[in-house]
Amino acid sequence: MLLLSFTLLMLLLGPEIRGHQLSLARVLQLRVSLLNFMLAATCLVTWRLSFNLTKLHFDRSNASVAILGVETFLRVTSCAGIAAIIIYLRHPDRVSLYTIATFWFVSMILLSVGRAILIAFEYYVRPLLRQNRQVVIVGSGRRAQQVAHELTTHPKWHYFVLGFVDSEPQCDPRCVLGGIEQLDSILMQKVVDEVIIALPMKSMYDSIQLAIQACERAGIQSGYSLDLFSTEVAKRRSFEEHDASSVVLHMVHNGHHKFLKRSLDVACSAVGVIILAPLMVLVALAIKMTSKGPVIFRQKRYGLNKRTFWMYKFRSMVEDAEVRQKELEHLNENDGHAFKMRNDPRITRVGQIIRRTSIDELPQFFNVLLGDMSLVGPRPLPMRDVNNFSEASLMRRFSVKPGLTGLWQVSGRSNTSFANWMKLDLEYIDRWSLLLDMKILARTIPAVFKKSGAV
């Protein structure tokens with residue numbers, strides 16, 4: 001906000017507008033010189049340095065309106081002084097009390113409004129958008145119960161404790177989900193975002209190691225107190241900057257990597273919807289005119305951390321296809337848990353075309369926009385297939401959002417065995433990078449045109 005005020009001030013002091021009546025059209029016609037841009041950047045850096053040197057920082061989590069107002073006043077006043085010096089060095093004949101007062105007033109308004117919007121978003125909007133993180137705590141003693149209390153009562157954290165896992169329970173048995181030896185099956189059956197280990201380090205070392213290994217197999221983020229245990233897949237990072245003894249093991253990249261991937265998803269899916277809208281309208285008309293039933297087929301699928309969501313596709317089968325699948329189970333041509341059948345009698349005439357060209361998947365662009373899916377990732381499996389999983393290691397595919405396309409799609413699709421399919425999904429998770437996503441997206445287009453492995 002302060003940089004915006006300074007840039008506007010430099011423009012208004014420019015020869016193109018000085019002495020003329022101020023108007024929106026005239027401001028839009030202005031050009032920013034490289035020198036002015038460098039001066040604005042210098043001003044920004046100088047401001048930041050002055051804040052750090054003078055310690056003009058307050059704890060905003062508990063700050064009152066008065067404290068925030070004082071901080072804003074001090075920031076703007078110091079910035080106005082710095083701006084006056086910089087402008088004087090560039091234009092000594094143009095600095096006046098009126099100019100600096102105008103800059104101070106505009107900066108004060110912009111910074112106050114901006115901060116009010118951010119505070120309103122943080123305290124009123126963000127809690128509505130934030131989803132509770134479901135946690136399992138390994139241990140049930142005093143330390144574990146204290147962790148549970150802190151997680152559920154912290155004003156900014158949104159945790160729901162599913163229960164405790166302990167082979168020797170020390171709390172109400174109704175709160176215990178099972179023993180540590182049962183952690184694999186617990187993580188397979190429940191929606192778990194994080195496992196927090198709260199066992200005594202010295203006396204329960206082996207049990208803690210087993211818990212970490214179970215979390216790695218299932219692809220679940222885990223946390224413990226001391227960085228003493230070996231891991232193979234998970235990435236280590238400090239849980240909080242002020243607490244170096246607390247460590248979280250992330251199964252996938254987090255932070256700015258996650259933000260960049262989401263930005264790519266939103267931008268590309270929005271463009272895809274706009275460009276392919278005419279084709280989707282034609283497909284919808286063809287489906288409606290040739291068979292009974294809705295145009296869009298929706299089915300519950302497992303997504304990130306095994307949370308369910310509605311996945312959308314153009315309907316390519318008869319209306320009662322899911323009911324009739326039970327009659328065809330014995331004809332499954334897949335060697336794994338997923339159901340695949342080349343000459344499936346449930347597929348309609350239009351369905352044969354849109355399935356071979358992957359056009360039936362286009363409505364999933366809306367799943368990507370909603371945040372349930374990503375452009376690239378493991379394909380979302382039906383609940384019927386996932387419920388047949390018997391290996392805990394297969395659950396690691398739920399540590400990332402499911403995708404429209406992935407390594408499986410560009411490696412033969414239905415021609416690939418189920419075991420290799422799962423292997424490719426886990427390989428993608430371990431090797432993930434934005435460059436890998438771009439390569440898969442580039443390979444998806446020719447794979448679709450070749451109809452490789454499509455059913």
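Predicted model: local features only at pLDDT ≥ 70, side-chain atom pairs only at ≥ 80, totals over all residues.
Of the 455 residues in this protein, 44% count as buried.

## The protein as a whole

The protein has 15 helices and 11 strands.

## Salt bridges

How many salt bridges does the protein have? The count comes to 13 salt bridges.

| Pair | N to O distance |
|---|---|
| Arginine 133 and glutamate 194 | 3.3 Å |
| Lysine 313 and aspartate 360 | 3.6 Å |
| Arginine 384 and aspartate 385 | 2.5 Å |

Let us begin with arginine 133 and glutamate 194, which form a salt bridge at 3.3 Å. Arginine 133 belongs to strand 1 (residues 133-138) and glutamate 194 to strand 4 (residues 194-197), so this pair ties together parts that lie 61 residues apart in sequence. Are the two partners buried or partly exposed? Arginine 133 is partly exposed, at a relative accessible area of 28%, whereas glutamate 194 is buried, at 2%. The cut-off for buried is a relative accessible area under 20%, so the value of 2% puts glutamate 194 in the buried class.

Next come lysine 313 and aspartate 360, whose side chains meet in a salt bridge with an N to O distance of 3.6 Å. Which parts of the chain does this pair tie together? Lysine 313 sits in strand 9 (residues 308-314), while aspartate 360 sits in the loop between helix 11 (349-356) and helix 12 (364-370), so the bridge links parts that are 47 residues apart in sequence. Both lysine 313 and aspartate 360 are buried.

Aspartate 385 is buried, with a relative accessible area of 5%, and arginine 384 is partly exposed, with 27%. Salt bridges can also share partners: in this way Lys313, Asp360, Glu361 and Arg379 are joined into one network.

## Two residues with positive phi

Serine 358 is found in the loop between helix 11 and helix 12. Its phi is near 65°, a positive value in a residue other than glycine. Serine 358 counts as buried, at 13% relative accessibility.

Lysine 306 is not a glycine either, and its phi is positive at about 65°. Where is lysine 306 found? Its place is the loop between strand 8 (296-302) and strand 9. With a relative accessibility of 10%, lysine 306 counts as buried.

## Cavities

Rolling a probe the size of a water molecule over the atoms shows where empty space is left. A search of the whole structure finds 3 cavities of 30 Å³ or more, and the largest cavity holds about 70 Å³ of space. Which residues line the largest cavity? The lining is made up of Leu187, Lys190, Val192, Ala218, Gly219, Ile220, Asn305, Lys306, Met395, Phe398 and Ser399. These lining residues divide into 6 nonpolar, 3 polar and 2 charged.

## Two threonines

Threonine 348 lies in the loop between helix 10 (321-328) and helix 11. Threonine 348 is buried, with a relative accessible area of 13%. What does threonine 348 touch, leaving aside its neighbours within four places in sequence? Its contacts are Ser291, Arg315, Ser316, Met317 and Val318.

Threonine 102 is part of helix 5 (residues 97-129). At 31% relative accessibility, threonine 102 counts as partly exposed. Threonine 102 is 22 residues from alanine 80 in sequence, and their C-alpha atoms are 9.6 Å apart in space.

Definitions and conventions: Residues numbered from 1 in each chain as written. Heavy atoms only, no water. Salt bridge = Lys/Arg side-chain N within 4 Å of Asp/Glu carboxyl O. Helix = DSSP H or I, 4+ residues; strand = E, 2+ residues; numbered from the N terminus. Buried < 20%, exposed > 50% of the residue type's maximum accessible area, 1.4 Å probe, protein only. Contact = heavy atoms within 4.5 Å. 1 Å grid on protein atoms, 1.4 Å probe; cavity = no way out; pocket = protein on both sides within 12 Å on 5 of 7 lines; lining within 4 Å. Points joined across faces, edges and corners; volume = space filled by probe spheres on them. Nonpolar A, V, L, I, M, F, W, Y, C, P; charged D, E, K, R; others polar.
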